[in-house]
Structure formats: structure tokens, C-alpha cells
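Please open the model in a viewer and keep the selection tool at hand.

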Amino acid sequence: MKKKNLFLSKQSKLIVDILLFIGIAGLGGVGKTWSSPHCIGASIWLTLMLLHIVQHWQLTKSLTKRRVIWKNKISALTTLGFVLMLSSALLLSIGFNDSFILYHHIIARLFFIKVVLHIIDKFKRFISLFKSTTE
């Protein structure tokens, strides 16, 4: 009998997806220090995004192939948006200057649109996680 990986289980994916969904609503606002609620919440959210990407690693890894990107445009653009968002957060780790904040705001708005499209695109799959999560 094959042992299931708890991290890749339906329950684990469901928990991460729900936390990401809840978190996207609470990330508005501005933070000019790392101790602000926005920066703390966003750091947690980025960590959850990394977990989500790892949980769907097979698809993420396959996004290097043109045919797969063409079939999964929203997921590919969301992954690219995540990389850009992560780069903007890393720039802010250097310091909160006006150029970095402007870049972060532009990327954040574009990324938010992509995340909403990703949620809409994958909504049926998300709902299916609620069905028989004991498998």
C-alpha cells in the first residue's frame, strides 16, 4: 500500500487554498515598515503562495513548455506575476524608497487581477477539493 504525502493531500491543498483566498481580501493597505500589518500579512501570504506552488509543482515545472503554457495561460501568467511580486518584495527589503514602492504598487495591482482570474479559472477544481476530502 502506497503511503500518501500529507503535504500533497486534498486536505492540505484545501487549507492552503482557503487561507490564500481569505488572505487576498486582507492585503489592501499600505505598509512603510516591515512591522506594519500589510507587510506581515503579505509575508505570510507569499509563504502560502510558495506552498501552493510547491503543492502544484508538476504543473509549475511543466510551465517551461510552450504547449503547456498555451493551454494554461492564466496559471502561467499568475506564476510570472508571483515572480514579479516576489521581486518587488525583495526590492523593498533593500529599503522603502519611492521607486521601489511605485514598482511594488504597479506589480501588486497587475498581480491581483491575475490572481482573481486564476481563482475564477480554477474555481471548479477548488470546489472539487471539498468533495470526499478523506480520499
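Select helices H1 and H2 first: H1 passes H2 in a left-handed crossing. The model shown is a predicted one. The two helices pack at an angle of about 145°, and their axes lie 10 Å apart. To display the contact, select Ser 12, Lys 13, Val 16, Asp 17, Leu 19, Leu 20, Gly 23 and Ile 24 on H1, together with Trp 45, Leu 48, Met 49, His 52 and Gln 55 on H2. Coloured by class, this contact of H1 with H2 shows seven nonpolar, four polar and two charged residues.

Next, select H2 by itself, residues 37-55. H2 has 19 residues and reaches 27 Å from its first C-alpha to its last, close to the 27 Å expected at 1.5 Å a residue. Which residues of H2 are buried? They are His 38, Cys 39, Ala 42, Trp 45, Leu 46, Leu 48, Met 49, His 52, Ile 53 and Gln 55.

Now turn to the largest nonpolar core, which has 16 residues. Select Leu 20, Trp 45, Met 49, Phe 82 and Phe 111, the members that touch the most other members. The elements giving two or more residues to this core are H1, H2, H5 and H6. H2 gives the most, with six residues. In soluble globular proteins, nonpolar side chains tend to be buried together.

Centre the view on Phe 82. Beyond its neighbours within four places in sequence, Phe 82 is in contact with Leu 46, Met 49, Leu 50, Ile 53 and Phe 111.

Then select the whole of H5. This helix has 22 residues and reaches 32 Å from its first C-alpha to its last, close to the 32 Å expected at 1.5 Å a residue. Its buried residues are Ser 75, Ala 76, Thr 78, Gly 81, Phe 82, Met 85, Ser 88, Ala 89 and Leu 92. The partners against which the buried residues of H5 pack are H2, H3, helix H4 (66-71) and H6.

Finally, select Ser 75, which lies in helix H5. Why does Ser 75 count as buried? Its relative accessible area is 4%, and buried means under 20%; Ser 75 is therefore buried.

How values were computed. Residues numbered from 1 in each chain as written. Predicted model: local features only at pLDDT ≥ 70, side-chain atom pairs only at ≥ 80, totals over all residues. Heavy atoms only, no water. Helix = DSSP H or I, 4+ residues; strand = E, 2+ residues; numbered from the N terminus. Expected span 1.5 Å × (residues − 1). Buried < 20%, exposed > 50% of the residue type's maximum accessible area, 1.4 Å probe, protein only. Axes fitted to C-alpha atoms, helices over the stretch in contact; angles between N-to-C directions. Left-handed = near helix turned anticlockwise from the far one by under 90°. Contact = heavy atoms within 4.5 Å. Nonpolar A, V, L, I, M, F, W, Y, C, P; charged D, E, K, R; others polar. Core = buried A, V, L, I, M, F, W, Y, C linked by side-chain atoms within 4.5 Å.
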